[in-house]
Amino acid sequence: ANYKCKNVATHTKTENATVTSETTDATCEENGQTVYTATYDGHTDTKTVVLEATGHDWEFVDFTWTETADGYTAVANYKCKNVATHTKTENATVTSETTAATCEENGQTVYTATYDGHTDTKTVVIPATGHDWDTPTYTWDEDNNCTAERVCKNDATHKETELAPGIG
């Protein structure tokens, strides 16, 4: 506390005041403050110091996949390390690679989501198509044995053959 004599302006004195403080912490999005209060001999004065908002400290959590008419999309999910209820999502880049199904084996499409160095995959099974048999052809030999053969319309290398022995 600084005092000045009313009679002689050059006469001054300084006394130590009692100082207290009260702080409101800054958050990710809002400034905080510390209010200092000096008290001496019934007089008070305050000084406020602004504490800048800390900003978010984002931490990657996971991806969320959404099925669309054309396949899948994904978003990267983040939470703030400072305040767990602060969250954000970012659209990921999604690519896909498909292995076609055959008559006898399942195929698959592997979707890969990428964002900011993080990746995740989602695999979708494409069921085997099964055989689509064409009309059988019949071949007779000189002993009246009949061989029936049918060929798959999806893959001509898939054939079924059955021999029916001749009568007599």
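Biologist: What should I know before we start?

Modeller: It's a predicted model, where local features need pLDDT of at least 70 and side-chain atom pairs count only at pLDDT 80 or more, while totals for chains, interfaces and linings use all residues. Residues are numbered from 1 along each chain as its sequence is written, and side-chain values use heavy atoms, with hydrogens and water left out.

Biologist: Okay, salt bridges. How many does a search of the whole structure find?

Modeller: Three. The rule asks for a side-chain nitrogen of Lys or Arg within 4 Å of a carboxyl oxygen of Asp or Glu.

Biologist: What makes Lys13 and Glu15 a salt bridge?

Modeller: Their N to O distance is 3.9 Å, and the cut-off is 4 Å, so the pair counts. Lys88 and Glu90 pass too, with their closest N and O atoms 3.6 Å apart. For Arg150 and Glu160 that distance is 2.6 Å. This last pair links distant parts of the chain: Arg150 is in strand β13 and Glu160 in strand β14 (residues 159-164), ten residues apart.

Biologist: And what do you mean by a strand?

Modeller: Strands are DSSP runs of E with at least two residues, while helices are runs of H or I with at least four; both are numbered from the N terminus.

Biologist: Now rings with rings. Why is the pair of Trp65 and Tyr72 called edge-to-face?

Modeller: Rings of Phe, Tyr and Trp (its six-membered ring) pair if their centres lie within 6.5 Å; planes under 30 degrees apart count as stacked, over 60 as edge-to-face and the rest as tilted. By this rule the count comes to six aromatic pairs. Trp65 and Tyr72 are 6.4 Å apart centre to centre, with 80° between the planes, so they are a pair and an edge-to-face one. Both Trp65 and Tyr72 are buried.

Biologist: Which residues do ring pairs link into a cluster?

Modeller: Phe60, Phe63, Tyr78 and Tyr115. Tyr115 has a bridge partner too, His118 in β11.

Biologist: How do you know that β10 and β11 pair?

Modeller: Two strands pair if DSSP finds at least two bridges between them. Strand β10 (residues 107-115) and strand β11 (residues 118-126) have nine bridges, so they pair, and they run antiparallel. Their hairpin has two residues between the strands, and Asp116 there takes a positive phi near 50°.

Biologist: Why remark on a positive phi?

Modeller: Because most residues other than glycine have a negative phi. Asp41 is another residue with a positive value, near 50°, and its place is in the loop between β4 (32-40) and β5. With 58% relative accessibility, Asp41 lies over the 50% cut-off and so counts as exposed.

Biologist: What order do the strands of the open sheet take?

Modeller: The three strands go β3-β4-β5, with antiparallel pairing. β3 (18-24) and β5 are called edge strands, as each pairs on one side only. Neighbouring strands here are turned by 15° against each other on average, direction ignored; the axes are lines fitted to C-alpha atoms, for helices over the stretch in contact, and angles run from 0 to 180 degrees between N-to-C directions. Seven bridges join β3 to β4, and Ser21 stands opposite Tyr36 in β4.

Biologist: Which residues does Leu51 contact, leaving aside its neighbours within four places in sequence?

Modeller: Contact means heavy atoms within 4.5 Å. Leu51, in strand β5 (residues 43-51), touches several residues by that rule, including Thr23, Ala26 and Gly32. The C-alpha atoms of Leu51 and Gly32 are separated by 4.8 Å, though the two are 19 residues apart along the chain.

Note on methods
Buried means under 20% relative accessible area, exposed over 50%, partly exposed in between (1.4 Å probe, protein chains only).
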